[in-house]
Each structure stands twice: as C-alpha cells, then as structure tokens.
Amino acid sequence: MKATCSVFIMVAAVALLALGAPAHASEMDDRIELSARKSHVFRSFLGGDDIKIQSKDGAVTLTGTVSEESHKVLAYETVAGLPGVKSVDNKLGLKDTPPAENSDAWLSAKVKATLLFHQSVSAGKTVVDVKDGIVTLRGVAATQARKELTTEYAKDIEGVKDVNNEMTVSIPPMPAMPPISTKTTVGEDIDDASTTAQVKISLLYHRSTSALNTKVETNKGVVTLYGKAKNAAEKDLATKLANDIIGVKSVTNRMTIE
C-alpha cells in the first residue's frame, strides 16, 4: 500500500512539474514581448514600422517590415538586450528597396539616425541633405557649441566626405535661474536595453569608433564599455559618444589599450 502511495505521489509531482514549466516559460515569453513593445526604442523610433515579436523559451523571432536598414539593427539590438532573451532571429524585411551602400540617400539616413540618438544636438530641428558625399546641415542649433558638435558628429560618419553646416544659432531669452540639467530625468524614462542599443549603433556608425570591438552593458542608465582601443584618444572618444546618448546617466570605460 505504501509503495503504491509513493508511486502515486511521484507521478503527481512529475505531472505538476510538467505543467508548471511551460506556464513559467510562457510568462517569461509574454514578459519579453511586452518589454520589447514598451521599450523606448520601439515607442520612439520604430512605432511606424510593422514589427511582430514572438518569443519561445527566450528565443525571439522578429518578422515584418521596417522603413530603414538601421531600424532592423536597432530592433535586433534592443530585443537582444532584454532580460531572459537567449537568441534573436532577425527576419525583418524592408518596405522599399534599400539605397545603395555609400550612396547619398544611404549616407543621409546614417547621419539622421546618428544625430537622433545624441542629446546635445538638435536632431529634430536639423535638415540633412547629401550630394556627392558632401553633407549640408540646415536648421536651428541651441548654441554655437551644439552647432559645432553637430558638424563633428556628421563628419565622423563613415563615407561622409565633408560637411557644410548652414544651421543658425538661436538666442534664447536669459533665464531667471540657471537651467537644471535634464540628463538624469531623461534617463529615468528610458529602459536599459534601449540605451545599450543606441550606444552600440552610435559607436558603429561613427568612423572613429566603427572598428572597435566594444561590448556595452547598461544598468539603470549607467553604461559600462568593454573591449580594446588602439590608443587613449579612441578610448576617450568612445566615452564621449556614449555619454551623449539619450538615456545615459554616466559612462564607465573599462576598455584596454592595445
């Protein structure tokens, strides 16, 4: 009788475990899919794209179409950085035929995408035109320093030959009190996966850091960089670019110099 009872208990326990495992996996997959859709990147940059996210035991598949090649990379990097994700199969397609690599349209898209992630430049107020590899910037910059930084960022995009910056500098009224930095406030609203994705793509797009094999980790807005740099200047530039990404509170650069 005791043996029969023990066997029954064991069978029941195995059955409960078998039922519980899929339920747990399903909850995790639902959480991954929801986190991706609610991420800053998906809400701010990929909202107009038709992206379907399916997770099975942490293996995520992305299907649908996006408007730009950079959006495919951005979606992949964001999802890959979410907790619980083991792998990402990026099957996203483009709505239209992509521009030829290093063409003016291709360079224009890269410049726009790069400026979009940086908080020190007026990406929303900057018009980007490219002809024969020469970039012309028009619009309004908050300060002369930000105008010059916009030029610097655009010039460092792989394939750009030169930059003509025709932006005007706005002269805001004198504030009654010193302005309060919004860096931390902005960062609080942005998830770590989105921050990591933006930093990775920024480093990839900039000519001076594109060849760096950099690992990026983000914890509550604090970014840590790992990898190798050829010299101190490259390492410092990686820190500068990462620190200017929207959502970054601070940067710890643990890269080694070859």
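**Entry 1: Leu94.** I began with Leu94, which sits in strand β4 (residues 93-94). I take strands as DSSP runs of E with at least two residues, and helices as runs of H or I with at least four, both numbered from the N terminus. The model is predicted, so local features need pLDDT of at least 70 and side-chain atom pairs count only at pLDDT 80 or more, while totals for chains, interfaces and linings use all residues. Residues are numbered from 1 along each chain as its sequence is written, and side-chain values use heavy atoms, with hydrogens and water left out.

Buried means under 20% relative accessible area, exposed over 50%, and partly exposed in between, with a 1.4 Å probe and protein chains only. I then looked up its contacts, meaning heavy atoms within 4.5 Å. Setting aside neighbours within four places in sequence, Leu94 is in contact with Thr65, Val66, Ser67, Glu68, Glu69 and Lys72. I also checked His71: it is 23 residues from Leu94 in sequence and 9.3 Å away in space, C-alpha to C-alpha.

**Entry 2: two positive phi values.** Asp57 lies in the loop between β1 (50-56) and β2 (59-66). Its phi is near 55 degrees, a positive value in a residue other than glycine. Asp57 is partly exposed, with a relative accessible area of 39%. Asp132 lies in the loop between β5 and β6. Asp132 is not a glycine either, yet has a positive phi of about 55 degrees. At 54% relative accessibility, Asp132 counts as exposed.

**Entry 3: Val160.** I found Val160 in the loop between α5 and β7 (162-165). Val160 is buried, with a relative accessible area of 5%. Its C-alpha atom is separated by 5.3 Å from that of Gly133, 27 residues apart along the chain. Not counting residues up to four places away in sequence, Val160 touches Leu107, Val111, Gly133, Val135, Ala154, Lys155 and Arg207.

**Entry 4: helix α4.** Next I checked the length of α4 (residues 104-117). At 1.5 Å a residue, its 14 residues should span 20 Å, and its end C-alpha atoms are 21 Å apart, which agrees. The expected span is 1.5 Å times one less than the number of residues. The buried residues of α4 include Leu107 and Val111. Which elements do the buried residues of α4 pack against? They pack against α3 (69-80), β5 (126-131), β6 (134-141), α5 (144-155) and α7 (192-205).

**Entry 5: α3 and α7.** These two helices pack at an angle of about 135 degrees, with their axes 8 Å apart. The axes are lines fitted to C-alpha atoms over the stretch in contact, and angles run from 0 to 180 degrees between N-to-C directions. α3 and α7 are therefore oblique to each other. Angles under 35 degrees count as roughly parallel, over 145 as roughly antiparallel, 65 to 115 as roughly perpendicular and the rest as oblique. On the α3 side, the residues in contact include Val73 and Leu74; on the α7 side, they include Ala197 and Ile201.

**Entry 6: the core.** The largest nonpolar core has 56 residues, and Ile51, Leu62, Val199 and Leu225 have the most contacts inside it. Such a core is a set of buried Ala, Val, Leu, Ile, Met, Phe, Trp, Tyr and Cys residues joined through side-chain atoms within 4.5 Å. Its largest share, six residues, comes from α7.
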